[in-house]
Amino acid sequence: MQTGFVLRTVLAGALGVGFAAAAMAQDVTIRYSNWLPSGFWLKEEVIADWIKQVEEVTEGRVVVETTPKVVGSVQGQYDVIRDGLADLSWIVAGYTPGRFPMIEFGDLGLIGEKAGTLAPAMDRIYREDLAQYNVFEGVEPLSVLVISPLQMVLKGTVVNHVEDLKGLKLRSSSNTLTAAIEAVGAVPILKPIAEVYEMLASGTIDGQITNLNSVIGFGGLGLTDSQYYIPGGMSNAVILWGLNKATWDKISPADQDAIRKISGEVFAKNVGDEYDRQDAAALEKMKEAGYSTTVASDEDMAKLREMLKPIETAWIERAKAAGLENAEETLAKYKKAATGGM
């Protein structure tokens with residue numbers, strides 16, 4: 001009788017442990033709120049490949065499902081993810097101006113030309129210098145990166161010198177770019193890229209400052225006809241590949257580790273390299289379409305460095321006010337990494 005009781009107790013305990021383990025190892029479905037256009041290489045190639053890898057490295061325990069349409073607004077993606085309305089999104093930090101001052105050094109222009117170098121450097125420096133400050137409250141930063149430097153494309157006007165920018169209405173994507181546009185005497189219009197097509201078609205803006213490949217990807221090739229190319233760009237854009245923290249916490253430690261290995265600098269490098277390839281391809285398409293291209297002269301570059309220097313100084317002040325006491329050192333590390341050093 002006693003032996004039977006003990007056996008039943010042991011079996012019950014074993015079953016309880018088994019059920020608990022099963023609960024801990026529960027499958028997790030991540031809802032990806034996508035706002036990128038259908039057919040756009042970033043969505044169809046790089047992000048799709050990462051989604052496939054997540055399922056592979058977790059042996060199917062974690063899967064990513066793309067929502068039929070964006071959840072909420074493009075500008076509001078950070079809040080959508082933080083609040084759990086969706087789980088994952090490609091979040092442009094500059095679409096919520098002033099919210100993440102510590103990371104805005106990634107938006108600065110004239111830093112470097114290759115996204116394949118800049119993007120992983122941004123993730124590395126974020127983790128070394130900024131992660132301790134819980135910059136993205138409620139959101140797990142799977143990767144923090146920048147894309148290729150933002151270039152100027154225009155409609156119905158040709159810019160040959162910096163002075164030609166005065167008075168032009170240009171679409172901006174962040175506070176940093178807005179300040180840069182104002183610094184050269186142009187007029188910034190802060191809007192997400194999803195609204196650019198309509199603004200160009202209606203003549204609301206004279207042009208935009210964006211990645212060259214985005215001109216193609218968002219259907220704008222026929223809406224602009226010239227380019228003023230600035231090595232290093234007037235600005236850049238910090239991207240957060242962000243996952244809801246509560247959803248992240250549902251994933252087992254082993255699977256979290258597996259996902260980290262394909263995210264972070266690895267994901268950033270993949271994105272950056274492809275941005276470089278796509279920008280080069282876009283430039284060729286622009287040439288084929290008859291775009292005129294002016295490359296900023298050495299004299300113009302000297303003027304631009306002088307004009308944009310106060311924006312860098314202003315970032316240092318904002319970052320220190322937010323608690324990043326070694327802001328100058330962080331920026332210096334980033335500049336070094338941007339040219340392949342570390």
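I started with E104 and R318, whose side chains meet in a salt bridge at 2.6 Å, N to O; by salt bridge I mean a side-chain nitrogen of Lys or Arg within 4 Å of a carboxyl oxygen of Asp or Glu. The pair links distant parts of the chain, 214 residues apart, with E104 in the loop between β3 (88–92) and α4 (115–130) and R318 in helix α11 (residues 298–321). Helices here are DSSP runs of H or I with at least four residues, and strands are runs of E with at least two, numbered from the N terminus.

I noted that the model is predicted, that local features need pLDDT of at least 70 and side-chain atom pairs count only at pLDDT 80 or more, while totals for chains, interfaces and linings use all residues. Residues are numbered from 1 along each chain as its sequence is written, and side-chain values use heavy atoms, with hydrogens and water left out.

I then checked accessibility, taking buried as under 20% relative accessible area, exposed as over 50% and partly exposed as in between (1.4 Å probe, protein chains only). E104 counts as buried at 7%, whereas R318 is partly exposed at 34%.

Next I looked up E284, which forms a salt bridge with K287 at 3.7 Å between the closest N and O atoms. The two are separated by about one helical turn because they lie three residues apart in helix α10 (residues 264–288). E284 is partly exposed at 40%, and K287 is partly exposed at 48%.

I also recorded that D79, R82, D83 and R99 are joined into one network by salt bridges that share partners. The count by this rule comes to 23 salt bridges.
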